[in-house]
Number of protein chains: 2
Amino acid sequence: MKERMKPLLSIEKMKSLSVEAKASILAMTTLAGSGHPGGSMSSLDLLMALYHFADIDPKDPLKQDRDRVIVSHGHISPAVYSVLALRGYFNLYDAILQFRLVGSPFEGHVAIEVPGVEWATGNLGQGLSAACGFALESKLKSINNRIYCLMGDGEQQKGQLGEARRFAIKYGLNNITAIVDLNRLQICGNISEVMPQNIKANYESDGWGVLQINGHDYDEIIDALNKAQQIDAPVMILAKTIMGKSVSFMENKEKYHGAALNDEELIFAFRELGVELSEIEYKNNGAMHREKRQSIKEQKSFTKFEIEPPPLDLDFQVNKDKIYDKSIDNRSAWGDAIADIARLNLGSKENLAVFDCDLMGSVKTADFQKVLPSHFFQAGIMEHHTAVCAGALSKYGFQTFFAGFGMFALTEVYNQLRLNDINKTNLKVILTHVGLDVGEDGNTHHCIDYIGLVNNLFGFKLIVPADANQTYKAINYMVNQKGNYLLAMGRSKLDIIKNDNDEVFFDKNYEFEYGKADIICEGNDGSLFVTGSLNGTALKVVKKLKNEGINLSLINIPTPLQIDENVIIKACKTGIIFTLEDHNVKTGLGSLISQKIVEVLTSQKIKPNDVKPVHRFGIENYALSGSSADLYKSMQLDVDSIVERIRNSEFGVRN
Amino acid sequence: MKERMKPLLSIEKMKSLSVEAKASILAMTTLAGSGHPGGSMSSLDLLMALYHFADIDPKDPLKQDRDRVIVSHGHISPAVYSVLALRGYFNLYDAILQFRLVGSPFEGHVAIEVPGVEWATGNLGQGLSAACGFALESKLKSINNRIYCLMGDGEQQKGQLGEARRFAIKYGLNNITAIVDLNRLQICGNISEVMPQNIKANYESDGWGVLQINGHDYDEIIDALNKAQQIDAPVMILAKTIMGKSVSFMENKEKYHGAALNDEELIFAFRELGVELSEIEYKNNGAMHREKRQSIKEQKSFTKFEIEPPPLDLDFQVNKDKIYDKSIDNRSAWGDAIADIARLNLGSKENLAVFDCDLMGSVKTADFQKVLPSHFFQAGIMEHHTAVCAGALSKYGFQTFFAGFGMFALTEVYNQLRLNDINKTNLKVILTHVGLDVGEDGNTHHCIDYIGLVNNLFGFKLIVPADANQTYKAINYMVNQKGNYLLAMGRSKLDIIKNDNDEVFFDKNYEFEYGKADIICEGNDGSLFVTGSLNGTALKVVKKLKNEGINLSLINIPTPLQIDENVIIKACKTGIIFTLEDHNVKTGLGSLISQKIVEVLTSQKIKPNDVKPVHRFGIENYALSGSSADLYKSMQLDVDSIVERIRNSEFGVRN
């Protein structure tokens, strides 16, 4: 427990700054012609008090033991930028002039490019999960700091908040103080009409402490922030406020949620605020400010901050000699790898974490848990929360893995992963149970869209290993990489890929390299591209065709989002192309190979005559329940069907 | 309120049937070698009582005023199939033999192909939202039935349940009785250890009635089902049960969540159940049953049910004459169209519904609300719930629209839409605010992945209109279509597309046709393909190039997931190809055109020499905040940049 603390400034001084901050909110939204002044005004006093109460340092915005302030309703960025500027993080006038200009860091929703902003938000309901991730970080590092999360009242409707509350209780995150800005208005009107909710009862039902205050009374705010530190549980401060506070014609009007004042209204508002006009003076100088803004835009003379989080402490020791020789599922290889890594680095480097959503046995996280139990988080059936919480923990130094079935840890949480990506996290998403290989659990569980989804996330890399050896090596690789990765595996035991001499293909000398294709065998008649679980099938197909005198190259693509263009050029010059995948045929490997061919043509690396037909073998509709063998057969993806389909292509006819 | 009711059978009779049902659960999972017996046994008595208490009719499984039973934890399918069979819906032995066989309706998670199953589930936490949709249907049709939703206790951790609870309270859905099977075990152990939760307090905090019973005591179950009908609020019955109930070595063992017994264990279990072996006799006949199963599989002699929901009552009157002549946003045209449809059909055909998530002004649903307020649902900031609830309402006869920003109503709820798709709903998702056209709200709000996401959903059709006229016509079209559609629009006002004679292109004679490309103008030097908001830009580009002597065809693709192959063939024969889109360039129009070219080559409709380079102009990374014009410029997607990029292509060089 922390001692009772005083804010950095006197309440009188904060009140006086709040006038300048409010004027700044209005000035920047009016200048930009857009933004969210209403909620910015209601949250302002809370932010002013919080940023002066929290242990933060504008001179060292990323100091390790700082308190963290997460703003979950990211649209109140004008308030956040104004207060951070007045707290010394940057020049206020810069924020006013550059708000929402392309190229400036002062984006419409709070952005991590601005010093003092801990987490970019915009999709509502996710901030508290990020706060949980930061709170875990503090627990793991034994840092006695406090994690604050300011939220809107409307966003309390989002279900993910219940998940975050439960997680915080389970893991004893008594270092979290949440604050809800209860201005009672959301876009479509009063929260009690749009969607009635008993916010206090919701938090209490999950075991949180709740304090109720007037969110414009600095004494009450400071008092509550202190009280929250004395309670041995996560605490939510329910702060009654007024939307548009301090400007009579804005108060309690939902229209100001997302509408800026015009110049005339702004002048009235300034008069009401009694603001000292100084730099944000607007009355006679609106045009001058607009010119300055225009000039910044034209000359691209935007403020640039250098905020580089401390580098990930990597160089994890890995076992380079592990080789599987017998049929085994890739999931087990992942489980072995992460447990081996934990074991090898025990006592020397423990900035590893693994999250699981009630699937420990299936996603093979149990061994890791035994080796490093304090870094294993069992988050129950709460994937939305977990995706964000794990992302936040990965941000500053924990190499964090989130393991789950494809259908849960990706398709349910696509948006959460996208927001992680925008937050430049270092999350490693480990999907087991992708493809028809999932089998009997049926179409609600067949994640056949993982390539198609991840391909939209600019910062994510994707690895789809061919067998247990490649899986183990890929995990060894990933654990020493920063950035976001997703690794996808099926469920079944797979044959170990071997070369023509019956030697293990991904052997001791193999090192995983992102973007490198694996030429499993070479042929002169054409190429078969494959990824993931169907490598074994592909190898059998190629051998069978060889016996018929058809010699195909077999090329494994373990990184479908980055396909080696030289391999494509060579394949085009070799002959007809086939692709095989345990994935939706519209959005997977075959589609990416087709596109790549057109790309190399467009960049004039091949000639039109080199372009070859591409026969795509993959999943063409939702499947049913059944063994994976039966499912493949039903979709004509078994060895015999593929051989037949290749024979029946114009290729077979030509031969 | 319904009167106090008795179940169809005496409690003694139900108890006796429960033994047969339990034996069937174990038999079918052992035969299949997979499945979820533990939860099936704990839920069995609840299901037995419920299916005999509810007003349902195996002879008329879809009778309009039936009670609805939703099973949210779909993995207890063995229990559902056993009880439905004993209730007369189908032959029990068929279910036992065919469970989890590819081609049979008896899938691993409850599937709508089985009569009596109202909603396919598998992803946890979504059933109560579907129940809300069905409950709304009853309210709208003034049907005095009851909607039951049986759920697991582990899945109560999912946040979406809180959203469903709040929605049910707001809309007075006192026709819902939920039941939670409190067996206290989830996959990874006791719920109180995996993720502590006070389920009762959670429901009460949202205003639900809660009854607590012993879930194996038929008197208590029936009594609670009756009591629930007397309470003027949605009610949750918290039913304490025992996982693996009635087989001593299975009871309270989480390992039986997802593991079948082996033959030997099965015989012990039968002995404990004291089951009359009859048809499900196994002791001496295990091999015989396996042979039968194998034979059904080989001969594909699966049970087939003909369950066709009543056809949608369509033929909505639409305004065919509406034409926009001045610049306007597509969203307004959607808002006009849906309000006009409501108005035109008022009093004669009102099976329309619109859902909104606190964005009424932005997504333009306000006019509809004025015309048909009883069919407008303001669901607050609860997209996960809303996507499912709207899907369920669309299933039986309501042409249901769910309007939202792209980033919320699609990227947050991809999985929910996928499950709707599996449920063969008739949902019309209306996305406003897609693309960089969203502008200043920044990258958390730029939905630039809608084509890339929807392309994975086999049953969804996608429409991306070029201007307000095409939007209005597309809504007129959609309102008379069954199935799932998604229509995507930007935010800004757009010029009305006009032809060379300055006449409105999508005029009174234009009728929207799915899959038809729009040849805006023709040229001999090459083709520019475009979709959605950038049509106006594309038209300016083409005009500008024409002045330079470069004549491009301009082709609008309003249905990117179904591109007319003849248009592609013609374009290939014309010349170099350019694509322009306000979308992630990796997964949007350009990628689909590239693939289509390879497809027509592969199907030998063009020759390799016809294949043309494709220059793809789209979004190449997360953008920042800014006006849409500034954003386009920053991504080189403004008129001048595009003209320049086309000039700089090898095409320009050649000319």
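**View 1. Strand β19 of chain A and its two parallel partners.** Strand β20(A) (residues 614-619) pairs with β19(A) in the parallel sense over 5 bridges. Two strands count as paired if DSSP finds at least two bridges between them; strands (E, at least two residues) and helices (H or I, at least four residues) are DSSP runs numbered from the N terminus. The model is predicted, so local features need pLDDT of at least 70 and side-chain atom pairs count only at pLDDT 80 or more, while totals for chains, interfaces and linings use all residues. Residues are numbered from 1 along each chain as its sequence is written, chains are lettered from A and ligands numbered from 1 in the order in which they are written, and side-chain values use heavy atoms, with hydrogens and water left out.

**View 2. The β-α-β unit of β19, α22 and β20 in chain A.** Helix α22(A) (residues 589-602) forms a right-handed β-α-β unit with β19(A) and β20(A); right-handed means that, with the strands pointing away from the viewer, the path from the first strand over the helix to the second runs clockwise. Of the residues of β19(A) (576-584), 9 of 9 are buried, buried being under 20% relative accessible area, exposed over 50% and partly exposed in between (1.4 Å probe, protein chains only). In β20(A), 6 of the 6 residues are buried, so this strand is largely enclosed by the rest of the structure.

**View 3. An open sheet of 6 strands in chain A.** The strand order is β10-β9-β11-β12-β14-β13, with parallel pairing. At the edges stand β10(A) (376-378) and β13(A) (460-463); each has a single partner strand, so one side of each lacks a neighbour in the sheet. From one strand to the next the twist averages 20°. Strands β12(A) (residues 427-432) and β14(A) (residues 484-488) are joined by 4 bridges in the parallel sense, with Ile430(A) opposite Leu487(A). Helix α17(A) (residues 414-422) lies across β12, β13 and β14 of chain A and runs at about 155° to β12(A). Axes are lines fitted to C-alpha atoms, for helices over the stretch in contact, and angles run from 0 to 180 degrees between N-to-C directions.

**View 4. The surroundings of Asn469 in chain A.** Asn469(A) belongs to helix α19(A) (residues 468-478) and is buried, with a relative accessible area of 2%. Apart from neighbours within four places in sequence, Asn469(A) is in contact (heavy atoms within 4.5 Å) with Lys322(A), Ile323(A), Tyr324(A), Ile496(A), Val504(A) and Phe506(A).

**View 5. The crossing of helices α20 and α24 in chain B.** The axes of α20(B) (residues 535-547) and α24(B) (residues 639-648) come within 9 Å and cross at roughly 50°. The two helices are therefore oblique to each other; angles under 35 degrees count as roughly parallel, over 145 as roughly antiparallel, 65 to 115 as roughly perpendicular and the rest as oblique. The crossing is right-handed, the near helix being turned clockwise from the far one by less than a right angle. Thr537(B), Lys540(B), Val541(B), Lys544(B) and Leu545(B) of α20(B) make the contact with Val639(B), Asp640(B), Ile642(B), Val643(B) and Ile646(B) of α24(B).
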